[in-house]
Amino acid sequence: MAVVPAVAHRPPFLARKRTRQAVLVWCFLAPSLAIFLLYRIIPLLWNVALSFANWSPLRTMRWAGVDQYEEMLHDDVFWQALWNTLLFIASAPVGIVIALGLALLVSSEIRGRDIYRTIIFISYPLMTVAVAIIWRWLFDERVGLINYVARSFHLVDRPIQFLNSFVWALPSVIVANIWQMLGFYMIILLTGLQNIPPSLYEAAAIDGANARRRFWRITVPLLKPSLFLCIVIGMLNSFTSFDLVYVMTGGGPGRATELLVTYIYKLGFSQTRFDYAAAVTIVFFVLLVAIAWMANRLSGGNAGAVETD
Amino acid sequence: MKRRTVLQAALAGAAALAVPHASRAQTSRKLSYLTWNIADQEQLFKEEFADFRSANPGVEIEWLDKKGTELPAFYQTQLVAGTAPDVVDLQGAIWVEYAANGGLLDLTPYLKKEPEVAKLFNPDYLASWQYQGKNYMLPFYIAKTLLYYNKTLFKEAELSAPPQTFDELLTYATKMAKGEKTGFLTLNFDWLYWPLFKMNGIELLTPDMKKAAFNTPQMATVLERLAKATDSGAINKISWTGRWVEPNGAFAGNTVGMLHAHSSSYFFVKGQGSWINENTLGVAQAPGYWATPTNHGFGISKSTKNPDLAWAFIKHVTGTKWATRFSQSRKLLTGNVAADRAGLEYLRKDDPLGAQVLQTQLEHTDKFTGNWPLPFDAQLKDAFYPEIQNAVLGRKSAKAALTDAERAVNRVLSRNT
């Protein structure tokens, strides 16, 4: 009697092990994905749509084509805000250089270096609004400490109107921003410094390299990943410094400290021009993506990738 | 089996959470009331609400207070959501945009039905809230610009009385400017600086409000004079760069001869300046009696489910009884004629100088300026003022600044009209 081979019985789709595993994974991912979709993707898509329309909270939407983008070309305030934003971003390396100096100091064998590290770092966890208020008082023309010291040492005859001056306002805000970020940069760079093998310095010293050569030939190249991390975070932070600027100067005097992010807020909530604000946001977003892409390319091209052997 | 049970339980739990809550049956007699940065009046408001509830049993009143920087954004999002507070306190010209776009209820039918309500108020102030012939708000509290002057600095400069013309204003400012002292300061938020131009016969817009009208030789001359005075120190630079606190603070520092500001500044300046008393601070109208009003009014959101109740409420809080209490409590004027009379009498005993300041707010109310009923007022300000600032601070010539301002203003007008 011939043996009839048993027909392989495939379980139903939902009963299969791989299907059940996939469903389980999606169930766990679903809440986070839902939040991401609701608070990131949908608003982004709505923003894109709004930038091509005429709309306000009290009016129905009408298609406007590229009118909002065309408006940008003629908007002096937009260009001023863009320029200020780029200057703000360009100030990040200044803070990093200062932080590198501080990191080198506190990584050396000096007494009380732990206390110094703590004091320098303490600015970072502070709320940005608190930082802005502190620096507003420091820069105040009548009761500010900076003017008081400057006048006490006869450095100036009259108090300097830091935050009311077209010349000094933006640098003043940048100083406050750098001060706040110094602690963060220092910690990142300190970690990088501590990962450099001391044997490299010993070998270089034996070979006759002086301190400057050791710094430029050993320290800087090996700190590159930390430096790039600081640069990227510094630039992203500069991009989104709404609270610091809003509290310190409100974007003034005139538009001297207006950033794209504060301008977008004012367009939306002071002028009720949500449609135009959406268009400026798109430009802002494109700029942000461009900078992040550039930073990624400069740092090797695979930032954030999980590397497998 | 166990895993399936866990999954089913998790899905059931998620579904239970996702089911919308059964909406609370909203009391049909609930009123929400939004005010602009006046939380210090909590005790008075509680008494007002209790009084209103005794006349309207079963009414719940929900009171929200927001700071000036937060209120517009909050109110707009509520308007979009259709959950705008029933009664809203709005400052300046922001109400026009909401009224023009159907966010506020037209109160004209109510005022026509109850003409005695309109008679309670100063007609010039009440007219501040008219748009296209319709009235959208009732006065909550009112103020307009005036000229404060430092009598001590006036005496030092051998000046006996406040200036009566623009020329005198600049001349006096120049005389008082020595060293750290400056002669004149003005607030510049909203259109508070506009009387300086109006007193020179300058108009911002054409009568039909469709085109800019300020780019004239006279305006260029005025700007050049203001720029020269700012450069020489006769006018304090903070006039053009500061917001509210800095200019008032500078005047409180006893180094500025004259301050062009609204009545609210008096209490701030008095609090900061120990030098201030009846012998050292004078008050007057600005030259030509021109003044920019900065008022707060009560409006009713169009989305309200209880328009008649909301109307009853704003009548209640702006009525003579509670307006008087408010005027006395906060030392300001309410636009309610009888309440303001009582409030002034009360203040005269306690702070005669304060009463003098408030008295100026009731004079020459036919000379309001800088209060155009335009829905896009914020855009217009943003288009106009930065160029004026450039001119008075010497960053651009008056001619170039006016050309750029005219272009920007006409752009705003063509976009919106």
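**Start at B:Gln379**

Select B:Gln379: leaving aside residues up to four places away in sequence, B:Gln379 touches A:Gln271 and B:Val412. One partner is in chain A, the other in chain B. Everything on this tour belongs to a predicted model.

Show the secondary structure around your selection. B:Gln379 is part of helix α19 of chain B, residues 377-392. Is B:Gln379 buried or exposed? Count the other C-beta atoms within 10 Å: there are 24, and the cut-off for buried is 20 or more, so B:Gln379 is buried. B:Gln379 and B:Val409 are 30 residues apart along the chain, yet their C-alpha atoms are separated by 8.5 Å.

**Out to the interface**

Stay with the A–B contact and select both sides of it. How many residues take part on each side? In chain A there are 20, in contact with 28 residues of chain B. Color the chain A side by class: 9 residues are polar, 7 nonpolar and 4 charged. For the complex, the predictor reports an ipTM of 0.74 and a pTM of 0.81.

**Chain B as a whole**

The C-alpha trace of chain B spans about 90 × 50 × 50 Å along its principal axes. Chain B holds 20 helices and 11 strands. It has 417 residues, and 46% of them are buried. Take the contacts in chain B with a separation of 6 or more: 74% of them come from residues 24 or more positions apart.

Next, color by pLDDT. The average for chain B is 91, and 94% of the residues score at least 70. Then select residues 20-27 of chain B. Here pLDDT stays under 50. For this stretch the model has 1 contact beyond four places in sequence. Where pLDDT is low, the predicted coordinates should not be read in detail.

**Two domains**

Domain 1 covers 30-143 + 294-361 in the domain assignment. Domain 2 covers 145-292 + 376-416. At the boundary, 14 residues of domain 1 are in contact with 15 residues of domain 2. Which helix gives the most to the domain 1 side? Select residues 352-361 of chain B: this is helix α18, which supplies 8 residues. By class, the domain 1 side has 7 nonpolar, 6 polar and 1 charged.

**Into strand β7**

Move to residues 145-150 of chain B. This is strand β7. Why call it enclosed by the rest of the structure? Of its 6 residues, 6 are buried, so β7 is largely enclosed.

B:Thr145, B:Leu147 and B:Tyr149 point one way. B:Leu146, B:Tyr148 and B:Asn150 point the other way. Residues of both sets are buried.

Now bring in the strands that pair with β7:

- Select β9 of chain B, residues 256-262. It runs antiparallel to β7, joined by 5 bridges. Find B:Tyr148 here; its bridge partner is B:Leu259.
- Select β10 of chain B, residues 281-284. Its pairing with β7 is also antiparallel, over 4 bridges. Look for B:Leu147, which stands opposite B:Ala284.

First, go to B:Asn37. It sits in the loop between β1 (30-36) and α2 (42-55) of chain B. Its phi is positive, about 55 degrees, although B:Asn37 is not a glycine. B:Asn37 has 15 C-beta neighbours inside 10 Å, so it counts as partly exposed.

Next, go to B:Asp190, in the loop between β8 (182-186) and α10 (195-198) of chain B. B:Asp190 also has a positive phi without being a glycine, near 50 degrees. Is this residue buried or exposed? B:Asp190 is buried, with 21 other C-beta atoms within 10 Å.

Finally, show chain A again and select A:Gly252 with A:Pro253. The peptide bond from A:Gly252 to A:Pro253 is cis, with omega near -5 degrees. A:Pro253 lies in the loop between α12 (242-248) and α13 (260-269) of chain A.

Technical notes
Residues numbered from 1 in each chain as written. Chains lettered and ligands numbered in written order. Predicted model: local features only at pLDDT ≥ 70, side-chain atom pairs only at ≥ 80, totals over all residues. Contact = placed C-beta atoms within 7 Å. Nonpolar A, V, L, I, M, F, W, Y, C, P; charged D, E, K, R; others polar. Buried ≥ 20, exposed ≤ 12 C-beta atoms within 10 Å, placed from the backbone. Helix = DSSP H or I, 4+ residues; strand = E, 2+ residues; numbered from the N terminus. Pairing = 2+ DSSP bridges. Domains from an automatic or database assignment. pLDDT = per-residue confidence, 0-100.
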